[in-house]
Amino acid sequence: MGGIVTNQIKMWKRLLTASIFIICFSSRSYAAGWNCQWRYLQENGQPVQGWQQLEWQGDLDWYYFDPNGFMQRGWQLIGEKWYYFYESGQMADGEAEIGGRKVQFEQGVLIDPPNDEAHRKASYARDERTEAEILQAEEKIRQAVEYCNQGETPYEKAYRICEWMKEHLYYDLNGPYDVVGALNAGGTICEGYAVVYREIADRMGFYCEKIVSRKMNHAWNFIVVDGMEYYTDVTWEDGGNQLFNMLLGEEIERTHTIEAVQHQSQF
């Protein structure tokens with residue numbers, strides 16, 4: 001289902017978008033093919049659904065359509081796996097640059113990037129935790145998820161993750177920074193804030209990563225909600241500045257340097 005993203009495909013994306021734009025103004029719809037509502041119609045005029053490998057100007061690419069036949073864009077959770085679709089609808093594959101970050105896909109499925117040294121240290125700390133400590137942390141995560149799920153929309157639920165953490169964690173330069181240690185001690189550093197945020201988001205079904213900047217000596221989070229990408233820095237938000245919860249990419253880039261993402265599953 002595709003290969004490494006190249007400049008040729010990037011150019012192709014622009015051509016595809018422009019071509020469909022022209023179609024929308026030249027013809028309202030037609031029996032078979034794309035129409036101006038970003039649907040792909042069959043010969044009988046009915047829109048396709050689900051996965052479709054479609055041809056455009058001699059090239060085949062993978063697309064995904066919702067139950068109403070609308071082409072999907074951005075991050076999508078399909079069959080418990082994460083995919084990314086460009087604005088033109090094409091599925092990302094191989095190595096792709098998305099939002100200034102290099103992301104790896106295999107047959108369109110997101111591949112977790114390798115852990116960095118700080119993440120390995122967190123894993124070592126995790127292995128030393130007792131069963132009682134882990135159960136204590138699990139209860140705190142359960143409480144966090146319960147609180148966050150009181151939000152009415154996915155955005156509100158994700159927004160409440162930072163709110164819960166501000167009430168239950170505080171900055172401590174000497175505090176533990178693995179998930180279990182940070183939750184149980186209460187005090188932690190930016191690494192601890194970031195891994196706890198990601199753990200809660202993971203349990204709620206969001207695609208979430210930890211962002212690491214060695215230049216800033218800092219960590220924060222990236223989260224996908226309804227196909228949109230947001231950034232949250234709980235550490236800075238907890239420091240009294242109320243401007244770092246669920247920011248868009250262009251907003252977080254005013255103050256943060258994005259260098260790499262790391263993923264860690266359940267502790």
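How many of the residues of α6 are buried? In α6, 13 of the 14 residues are buried, where buried stands for under 20% relative accessible area, exposed for over 50% and partly exposed for values in between, with a 1.4 Å probe and protein chains only.

## About the model

This is a predicted model, in which local features need pLDDT of at least 70 and side-chain atom pairs count only at pLDDT 80 or more, while totals for chains, interfaces and linings use all residues. Residues are numbered from 1 along each chain as its sequence is written, and side-chain values use heavy atoms, with hydrogens and water left out.

## Helix α6 and its partner α4

Let us start with α6, residues 190-203. Helices here are DSSP runs of H or I with at least four residues, strands are E runs of at least two, and both are numbered from the N terminus. From its first C-alpha to its last, α6 reaches 20 Å, close to the 20 Å expected at 1.5 Å a residue; the expected span is 1.5 Å times one less than the number of residues. Just after α6, G205 has a positive phi of about 95°.

Helix α4 (residues 154-168) packs against α6 at an angle of about 135°, and the two axes are 10 Å apart. Axes are lines fitted to C-alpha atoms, for helices over the stretch in contact, with angles from 0 to 180 degrees between N-to-C directions. The pair is therefore oblique, the class left over once angles under 35 degrees are called roughly parallel, over 145 roughly antiparallel and 65 to 115 roughly perpendicular. The crossing of α4 and α6 is right-handed, meaning that the near helix is turned clockwise from the far one by less than a right angle. On the α4 side the contact (heavy atoms within 4.5 Å) uses A158, I161, C162, W164 and M165, and on the α6 side Y193, V196, Y197, I200 and A201. By class, these are 10 nonpolar residues, with no polar and no charged ones. Nonpolar covers Ala, Val, Leu, Ile, Met, Phe, Trp, Tyr, Cys and Pro; charged covers Asp, Glu, Lys and Arg; the others, Gly among them, are polar.

## More on α4, and the α3 side

The 15 residues of α4 should span 21 Å at 1.5 Å a residue, and its end C-alpha atoms lie 22 Å apart, which agrees. Among the buried residues of α4 are R160 and K166. The buried set of α4 packs against α3 (131-148), α5 (179-185), α6, β13 (218-225), β14 (228-232) and α7 (234-238).

Helix α3 also meets α6: their axes come within 10 Å and cross at roughly 65°, in a right-handed crossing. Here E138, I141, A144 and V145 of α3 touch E199, I200 and R203 of α6, giving 4 nonpolar, no polar and 3 charged residues.

## Loops worth a look

Most residues other than glycine have a negative phi. N217, in the loop between β12 (207-213) and β13, has a positive phi of about 55° and counts as exposed at 67% relative accessibility. M246 has a positive phi near 60°, and counts as buried at 5% relative accessibility.

M246 sits in the loop between α7 and α8 (249-252), and F244 is found in the loop between α7 and α8 too. F244 is buried, with a relative accessible area of 6%. Its C-alpha is 5.5 Å from that of T232, although F244 and T232 are 12 residues apart in sequence. Leaving aside neighbours within four places in sequence, the contacts of F244 include Y231, W236, I252 and H256.
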